[in-house]
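Colleague: I have not looked at this one before. Can you take me through the charged pairs and the chain contact?

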Amino acid sequence: MKSQIINNRGIHILIILIVMLSSSCKKYLDAKSDQKLEIPTNLNDLQALMDNYATINFVYPAAGEVSSDDYYLKDADYSALFYNADKRMYTWQKNYIFNTGASGNDWESTYNAIYYANTILENIRSIARSPENAAQWDNVKGEALFLRGYQFLGALQIWSQAYDEKIAGTDLGIPLRLNTDFNQKSVRASVNDSYNQVITDLRSAIPLLPSIPLNAFRPGKQAAYAILARTYLCMRNYQLAGIYADSSLLVNNQLIDYNTLNPSAAYPIPNLSTEMIFYSVLNSVKPIYFKLAKIDSNLYRSYADNDLRKTIFFKDDLDGTFSFKGSYTAAFYQAAGPATDEMYLIRAEAYARAGDVSNCFKYLNTLLINRYKTGTFTALKAPDASSALNLVLLERRKELVMRGLRWADIKRLNKEGAEIGLNRTVLGVNYALPANDPRFALSIPEDVIALSGMQQNP
Amino acid sequence: MKQIFTLCLIFFSLGHVFAQRLVKGKIIDANDQQPLAGATIKIVHSVKATTTNKEGSFSIQVQSDTTTLEVSFVGYHLKKVRASNFIAIPILSLSPSANKLSEVVVSTGYQILPRERSTGSFTQVGNKVLNEQVSTDILSRLEGVANGVSVDRSTSGSVNRISVRGLSTIQGPKDPLVVVDNFIYDGDITNINPNDVESITILKDAAAASIWGARAGNGVIVITTKKAKFNQPVTVDFNANVSFSGKPDLSYIRQMSSADFIDVEQYLFKQGFYDNALTDPGMPPLTPVVELLSREANGQISAASANAQINALKKVDVRNDFNKYIYQTATTQQYALSLKGGSEKSSWLASTGYDKDISNLAAGYNRFNLRFQNTYRPVRNLSLTAGMYFTQSNNASGKPGYGQIFSENPSGFYPYMQLADAKGNPLPIVKDYEFNYAKTTGNGLLENWLYYPLEDYKHTPATSSNTDMTANFDAAYKIIKGLSADVKYQYERQSTDGRNLYDQDSYFARNYVNEYTQIDSDGNVTNVIPKGGILDLSNQVLTSQQLRGQLNFDQTWKRSNLSAIAGAEIRNATINSNVNRLYGYNAGLSTFQNVDYTNQYPNYVNGNYDFIPGNTDVDKQQTRYVSEFANVAYTYNSKYTVSLSGRRDASNLFGVNINNDWNPFWSAGTSWNISDEPFYKIDFLPYLKLRATYGSSGNIDPGMVAATTIAYAGTNPFTQTQYARFQNYYNPDLKWETSKMLNIGLDFRSKSNRISGSIEYYQKKGSGLFGTAILDYTGGIGSQVIKNVASMTGNGADVELHTQNLMGVFKWLTTLNFSIYHDRVTQYYLPSLQGSYFITPNNNVTVSGLVGKPVYSIFAYKSAGLDPQTGDPRGYLDGQISEDYTALTGTGTQVGDLKYFGSALPTQFGSFINNFSYMDFGLDVGIVYKLGYYFRRNSINYSNLFEYWQGDPDYAKRWQKPGDELKTNVPSMVYPENNNRDSFYAGSETLVDKADNIRLQFVNLSYDFTRFLKKNPSIKMLQLYFNASNLGLIWAANKDHIDPDYYNSLYSTKPPKTYAIGVRASF
């Protein structure tokens, strides 16, 4: 009898213990397990994600540059390329031109950056915008929209054919990821829808971004204008391209006088110069590595002797070949971000195509006088709009070499009948990529196709 | 009537007069009639007790003849007798209850269970067995002696991981839980001195382990430290030993011959492979041979001179220099002393130990342990225990070993490297930049830029010290008969300090100073990184507190016994850590200089702008757990036992929500002492017990959270703001893994214990396991994500057999541990079955995840030999012989096209230990075996050879002319390199071997002097022992002289044989 009561009391004690524990548990267990972990819910967290420079500033697909004719590789260097995929991309093979996702490739890094943008855009919906946080709120959202539009544009240049109004509604574009649900099936949108998304994103970013950002590592209004100019240029909507280039130049139209640079420096053009609108570099891939990539000899010869670009951009490798040292990043990284010289050229091209020859040369000459030895430059002129356009395109070729822009230019110009075809001879074998060949839309990495079931480029 | 009554009264009073009575007796072993020294004779229902002396004799005061005495001794059946028994017959024999080498009780960390009444599966490793090996740390002594335990060295991330009954998870943490006495041990397990360990219990099934809940899925290792006893005279125990091991055998390393390597370099030079590197303004490093060939091509030296120097280099093997200048004999010293004693009310133990190791590479490790433990019984039902365990250990770096001296870019080294000249003077080797450039550039304005491997390590001492203090308190109160309560508290604080110094003469510091030096056109020098040393400091402090309250109930009635525990516990562990770097460090003055982390500076060699690398960080981690547990066992008639246990855990880890995820862990078991049944007539097996258990336990990975989290990663150097990256991606269903196990066991003992042991069969199911899902990386989070999508099953058997073969003057005992283990993936999300995903590089095996196959499987490309015309390796594509390497290593091969070999983990393993003794000599020989598994070996990879200087001796066996394909499987060398061809060969079936091996684990020879010391009563035991370990393989299935346990990196060496001599004594 006695033991029974004791047993009961024992059980009561136990129950009280358990109940006490359960109720005080919650607070005790709310402590963070790792001080550095956070669920991204406040503006500081979102801004910190947007300041992840490795993703924001150091990601842009390089496959287009690898495939275009700004450079070539010597046979020995081609043979020494470690990845077979690089060799296949260099010789414009039909397939297996990207390493698998696990090794890292352009597709993976592009969509990774897009995920960052989507995270911000989703999470910012639940943060109230108030007068106190308005500036930060706008900045973060603007940056995310800019990033997404910018990356979608980059992807379009690689994996889709150039914009062609007539078939843009059915041409295969890119999957438009607009949320963070990574389980959602990828579907290729049409080229038309893809470009519309780019434009929507960039235009929505404009009112949100600051006029002058902290520095070129963060996008400001000027960056959004500049990329919109690029977008419309790719779509061959030259009027709008010109208008946006103009908006960008209104923010800042300062040019570097190349006469002030030292051509014997390893990288003559300083980083974060007044011409740099947004710092963005191509993914580092071996074929365009500065030590290996040799500038096309015909292109090199097209620079006049007084053209400072000849010595500022190119390094004489003393064996008859020339490599590139004119990166706007003052390092071996290939600049891909928008710059003021690019805006001048877009403006000039827009005027030429609109038939306004005098304004075209106003902008072209303003740019070129900064590129020739002082006192040696004679202003360019042409009798008609069509020759003006040719001059602009020639200067565009010479100015924007190794900037990640050549591939898109070849594709859009071919849509106008320019018949630009590419040729490479490697180890005695000739490879050709004729104008408007389907391979101008590079094949999507095979493992993505296998996992998503999306349609591969023909 | 009246007379009888008076007589009775007189007798009773007489009895009372003779009440206080001295009882004397002698306790002996029932089998061999030998006296049992140290047996305990206790008066029941009182604390009065005494122990037998060396002759087995005792004397004790009792109240009356009818007083009951309890006679007990470890390893023997308890006997309860009346005092009057001794008056009649003064000798009492106790019969052994089990093999003397095993214990009668098992410790789970929550309670101590009598083995007789337990249903669970336990492996006991007793003190004597632990002493058959002499390692500095305790867990390494388990390999080969504990049933069901194996050590994994071959899977990715394993690093000598102890594995109890194989795997219970696929992607989750795989380590078993380590418990010291009653609490989870958070500190570094190598801090525990093996001389402080009494025994180790391994909890293998659900009934044993589910009491530990969410951490017990991989089994639990309970370490029980030595404790003092009450009523014990003061004893002093002493143990000292010294070990030596020679230099490792470097011929075991697969190094390509220098002559072959140089031939390849000469060939590549002719092809122009080095042209770019030779003119590269970034001055990449070149080997001496390439330098000579270049100078010859430029006309700077004659062809004859170049050839002479090159031929001289062909004869150099860097391993000779390693042997001569780097490796040395390793020594270990171990000293341990302990004192213990006990009176009626208190027992105490104090021990101290000192270990000092100097490795083959002159790296030092020393450890000092101090331990106190005191139990005090102030009043009858209360017992208080306080203990403290202090460890101070220090590590100091030594010399760089094979594989740690290399040129930076492309981070390989050439086999004809010379560390010293003929006279022994240290030589420089090429490091980050081309040799002559490094030697001459700067016109004297730069620091010396040469790297001298034999000198450099003297300038880069890396030290760390670990101070670990654990204190515990325990109060136990007996409430009423059979019911007691106890409260236990443990506090642990471990502080680890690291200090890596690269002094101003070290290459590391000089290189950084030079790289950031700015020299303007006038020759003015600015050292952006100041001259001087670089000091990296790190500190980590772990504090943990655990509090447990527990009620214990144990009541025996006439026919049954009920024992139960119930309680709750709370646990908090905090880790604070920080790292820091100082530039311009002057060790003598303890000064340093500030550097500019906010601006980029051009690199002296290539002009690239870069920030000065910083190494400053601060972090804090905190884990909290709250748990409730209960355990009950009911035994009827001493024959039938039923047990139940349960536990609930909650934690603060993100996503593990107390309201959503109370994950109860439970087990149920039963056991049946068949031999006690009346119908049991098997004479030769006087003990037979059948038991069965079933239950669940869990596995938790503190890194898994069920929310998208970001981690702040540092300062964005361009915007000077904090930046973050994604740490985890939101997965709403992410939860703990669960593992269920069914265990059926049979324990048996033959007559006189000649044969005893157990046979167990188990089956486990892991469900809701973390599995990697390969993802369409358009989703933006990479190509993989972790989900609870996997499940696996495992089954096996453990057999433990102890036999007493000869028991006369010459004794021979054998222990055989034999385990069979098979696992199989039953569910694992793998949308892509492309073959190449299943082929992992040599011995860094990763999870295969193929349904129906073991978790870690070995697959290979089917091989069709070599092409008779070209020596190219051939595979099969759609059943046809093919050399399309892109397709073969890509989507052309699915996993079904691969050849499946088997498991990468042993499917049969165990040990075979023999103990011999003759007179005072003892000999223990331990053999460990691992069978039924495979491994992939390394061979020549031409892409890696050209780019990264990684050669392999198989190069000499390569195909060179038609007809060779009949003699060799090594493909021909091709130029230009084709890395798909190399990947295909590396993954082909010709490189997979059986990993089966039998190893001589240890030999222990001892001589016991105790017999000669009988005259000296103060010395109770004196033993001299000689131990040999790392004795190598007795047999291996592979014909390439590879030891599969020591083959997980390109530069693995086998541990050299170790010999130790020591002495043990008790006073």
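Predicted model: local features only at pLDDT ≥ 70, side-chain atom pairs only at ≥ 80, totals over all residues.

Colleague: How many salt bridges does the structure hold over all chains?

Modeller: Over all chains there are 63 salt bridges.

Colleague: Pick one. What does A:Arg371 form a salt bridge with?

Modeller: A:Arg371 pairs with A:Glu275, and their closest N and O atoms are 3.1 Å apart. A:Arg371 sits in the loop between helix H15 (357-368) and helix H16 (385-399) of chain A, and A:Glu275 in the loop between helix H11 (238-251) and strand E5 (294-295) of chain A, so the bridge ties together parts that are 96 residues apart in sequence.

Colleague: And are A:Arg371 and A:Glu275 buried or exposed?

Modeller: Both A:Arg371 and A:Glu275 are buried.

Colleague: What about A:Asp307, which residue does that one bridge to?

Modeller: A:Asp307 bridges to A:Arg309, with the closest N and O atoms 2.9 Å apart. A:Asp307 has a relative accessible area of 1%, so it counts as buried. A:Arg309 is buried too, at 0%.

Colleague: How far apart are the closest N and O atoms of A:Lys315 and A:Asp317?

Modeller: They are 3.3 Å apart, and the two residues form a salt bridge. A:Lys315 is partly exposed because its relative accessibility is 32%. A:Asp317, at 17%, counts as buried.

Colleague: Which residues do shared partners join into one network?

Modeller: Salt bridges with shared partners link A:Glu275, A:Asp307, A:Arg309, A:Asp341, A:Arg371, A:Glu395, A:Lys398, A:Glu399 and A:Arg403.

Colleague: Changing topic. How many residues does each chain bring to the contact?

Modeller: Chain A brings 74 residues and chain B brings 83 residues. The area buried between chain A and chain B is about 7,000 Å², with carbon and sulfur atoms giving 61% of that area.

Colleague: How many salt bridges are there across the interface of chain A and chain B?

Modeller: There is one salt bridge across that interface. It joins the side chains of B:Asp280 and A:Lys291, at 2.4 Å from N to O. Between chain A and chain B, 18 residue pairs are in polar contact, both residues being at pLDDT 80 or more.

Colleague: Which elements of chain A give two or more residues to the side that touches chain B?

Modeller: Among them are helix H1 (2-28), strand E1 (37-38), helix H7 (106-123) and helix H18 (446-452) of chain A. H1(A) gives the most, with ten residues.

Colleague: And by class, what does that side of chain A have?

Modeller: The side of chain A that touches chain B has 40 nonpolar, 19 polar and 15 charged residues.

Notes. Residues numbered from 1 in each chain as written. Chains lettered and ligands numbered in written order. Heavy atoms only, no water. Salt bridge = Lys/Arg side-chain N within 4 Å of Asp/Glu carboxyl O. Helix = DSSP H or I, 4+ residues; strand = E, 2+ residues; numbered from the N terminus. Buried < 20%, exposed > 50% of the residue type's maximum accessible area, 1.4 Å probe, protein only. Contact = heavy atoms within 4.5 Å. Buried area = accessible area lost by both parts, 1.4 Å probe. Polar contact = N/O pair within 3.5 Å; in protein donor to acceptor, adjacent residues only side chain to side chain. Nonpolar A, V, L, I, M, F, W, Y, C, P; charged D, E, K, R; others polar.
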